[in-house]
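I opened the notebook to look up a few places in this structure. My notes follow in the order I took them.

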Amino acid sequence: MTAERTTPGERPRRKRKKTAKRRFGRIRQLPSGRWQARYPGPDGIDRPAPETFATRTDAEIWLTKKEAEILAGEWINPDAGKIPFGEYGRAWIEERPNLRPRTVELYGYLLRVHLLPTFGDKALNEIKEPHVRRWRKHLLDAQVSEVTVAKAYRLLKAILTTAVDDQLIKRNPCRIKGAGQERSPERPVLTVHEVYRLAEVIEPRYRALVLLATFASLRWGELAGLLRRDLDLEAGTVRVERQLMQITGKGLVFTEPKSAASRRTVTIPALIIEDLRTHLRYFAQDGPDGLVFVGPDNGPLRNTNFNRRVWAKAVREAGLPGVRFHDLRHTGNTLAAHAGASIRELMERMGHSSTRAALIYQHSTHERQREVARRLDLL
C-alpha cells in the first residue's frame with residue numbers, strides 16, 4: 001500500500017467519507033443549517049416535507065416513515081386537502097341522501113352561523129385539534145346553548161369524517177370526548193289536572209289539540225298534518241302518516257314522518273274521544289282529506305303564530321309559565337311509562353326506533369315505587 005505523498009511541512013489530506021445514496025428520497029442541508037427532505041409521490045410529483053428538520057437523522061426518519069406510508073397505501077395527496085372547508089361543507093349537505101327538509105334547514109343554519117365564521121376559508125388539512133377546541137370554547141363563552149354547540153360539533157365531525165373517507169385529510173381533528181352529547185335541561189312534566197286546566201283556558205278550537213298532543217304523545221308537525229281520515233274514533237286510534245312543517249324559504253310543507261318508526265297507529269284514551277268528536281263537528285276542515293286542526297281562517301296551523309298568539313296566553317292563564325307545547329308530548333310519554341308501558345310499547349307509542357329515548361321515561365319515581373310495593377303486598 002503506497003502512502004500518500006506530502007511536501008515538507010504539509011499535513012496528509014484525509015479522504016472525505018462518502019454518504020451512501022438514499023434508495024428513497026433526498027436530503028440536503030440548507031444555508032440556515034437545517035435539513036430538508038424531498039420524496040417522489042405516487043402521483044409522480046417531487047414533494048418536500050412540510051417542515052425542515054434540526055438534524056439529518058430526523059430527516060431520514062421522516063423519509064423512512066413516508067416510504068412505509070406509501071408502500072402501505074396510506075399516502076394522502078397533501079394538495080387534496082387544500083379545499084376550503086366552506087366549499088366542502090356546503091357540498092357535503094347537498095350530497096346527503098334522503099335528508100328531511102328540516103334536517104337540511106338545521107344543517108344549513110349550523111354551518112352558516114356557527115361553522116363558517118371560524119372554518120369557512122380554512123383549508124381542510126389546516127384544521128387541527130387546537131383549532132376545534134378553541135372554536136368550541138368560543139361558542140360556549142359566547143353563551144351559545146350547550147345543545148346547539150353539541151349539534152354544531154357533531155356536524156363538523158361528520159363533515160370531516162367524510163373528508164377522511166375521501167382521502168383529503170388523514171385524521172379527523174374532532175376528538176373532544178363527549179363534545180357531541182346533548183345535555184338538555186329536564187323539562188317539566190304536567191299532572192293530568194294541569195293538562196286539563198290548560199285545555200280549559202285555551203281557545204276552544206285548540207282544546208282537542210292539547211289533549212291529543214298529551215295523551216297520544218304526538219309531535220307538533222304530526223298534529224298539524226293530521227287529516228280526518230287518520231282518526232278512527234270508533235276504534236279509538238289515530239294514524240300518523242305525515243307531518244306538516246314550516247320550512248324556511250318554502251313555507252308549510254307536507255313531509256314524511258320523522259323516521260320510519262314515526263309512521264304508526266296510536267291508541268287514544270277513551271276519556272278524550274268525546275272532545276275529538278266535538279272538535280271534528282265544529283272546528284276541522286270538511287271531507288276525509290280535511291285537516292283536523294286549523295286556525296281561525298280555516299287554514300293550516302303555523303307553529304310560530306300559534307306559540308305567539310295562543311300558547312303564551314294559555315300557559316299564563318293556566319299558571320304554567322315556561323311550559324312549551326312539546327312538553328305535552330313529554331308529559332304523555334311519562335304518564336304512559338307510569339301506567340306500566342314497557343320499553344317496546346313506549347317506543348311504538350312515541351315513534352322511536354331505538355330504546356334510548358324510551359329508557360328516559362323508565363326512570364324510577366316515588367309514586368311508581370309505592371305502586372311496586374303495593375303490588376308486592378298483594379302477591
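Phe306 has 3% relative accessibility, so I log Phe306 as buried. I keep in mind that the model is predicted.

**Overall counts**

I counted elements first. The protein has 14 helices and eight strands. I then checked burial over the 379 residues, and 40% count as buried. The accessible surface comes to about 23000 Å². Carbon and sulfur atoms hold 51% of that surface. I also looked at contacts between residues at least 6 apart in sequence: 60% of them join residues at least 24 apart.

**Aromatic rings**

How many aromatic pairs does a search of the whole structure find? I get 14. I picked out the pair of Tyr206 and Phe306, which is edge-to-face. Its ring centres are 5.2 Å apart, with 75° between the planes. Edge-to-face requires planes over 60 degrees apart, so 75° qualifies.

Where do the two partners sit? Tyr206 is in the loop between helix H6 (192-201) and helix H7 (207-215). Phe306 belongs to helix H10 (residues 303-317).

**Helix H2**

I listed the buried residues of helix H2 (residues 85-95): Phe85, Gly86, Tyr88, Gly89, Trp92 and Ile93. They span an arc of only 165° around the axis, so they lie on the same side of H2. I looked at the face turned away from the buried side and found the exposed residues Glu94 and Glu95. I also asked what covers the buried residues of H2. The cover includes H3 and helix H5 (146-165).

I moved on to helix H3 (residues 101-119), where Leu106 has its place. Leu106 has a relative accessible area of 33%, so I log it as partly exposed. Leu106, Tyr109 and Val113 make a nonpolar surface patch of about 220 Å².

**Helix H12**

I repeated the burial check on helix H12 (residues 343-350). Its buried residues are Leu346, Met347 and Met350. Their arc around the axis is only 100°, so they are on the same side of H12. Just after H12, I noted that Gly351 takes a positive phi of about 80°.

Is Thr237 buried or exposed? I read 18% relative accessibility, so Thr237 counts as buried. Thr237 lies in strand S5 (residues 237-240). Leaving out residues up to four places away in sequence, I found contacts that include Asp230, Thr265 and Ile268.

I ended on Leu227, in the loop between helix H8 (220-224) and strand S4 (231-232). Its relative accessibility is 8%, so Leu227 is buried. With residues up to four places away left out, Leu227 touches Arg242, Pro288, Asp289, Gly290, Leu291 and Val292. I also took one C-alpha to C-alpha distance: Leu227 and Glu241 are 9.5 Å apart in space and 14 residues apart in sequence.

Terms used:
Residues numbered from 1 in each chain as written. Predicted model: local features only at pLDDT ≥ 70, side-chain atom pairs only at ≥ 80, totals over all residues. Heavy atoms only, no water. Patch = residues over 30% accessible without salt bridge, like charges linked within 9 Å, V, L, I, M, F, W, Y side chains within 5 Å. Areas by Shrake-Rupley, 256 points an atom, 1.4 Å probe, with all protein chains shown as cover. Salt bridge = Lys/Arg side-chain N within 4 Å of Asp/Glu carboxyl O. Helix = DSSP H or I, 4+ residues; strand = E, 2+ residues; numbered from the N terminus. Buried < 20%, exposed > 50% of the residue type's maximum accessible area, 1.4 Å probe, protein only. Contact = heavy atoms within 4.5 Å. Phe/Tyr/Trp six-rings, centres within 6.5 Å; stacked < 30°, edge-to-face > 60°. Arc of directions from axis to C-beta.
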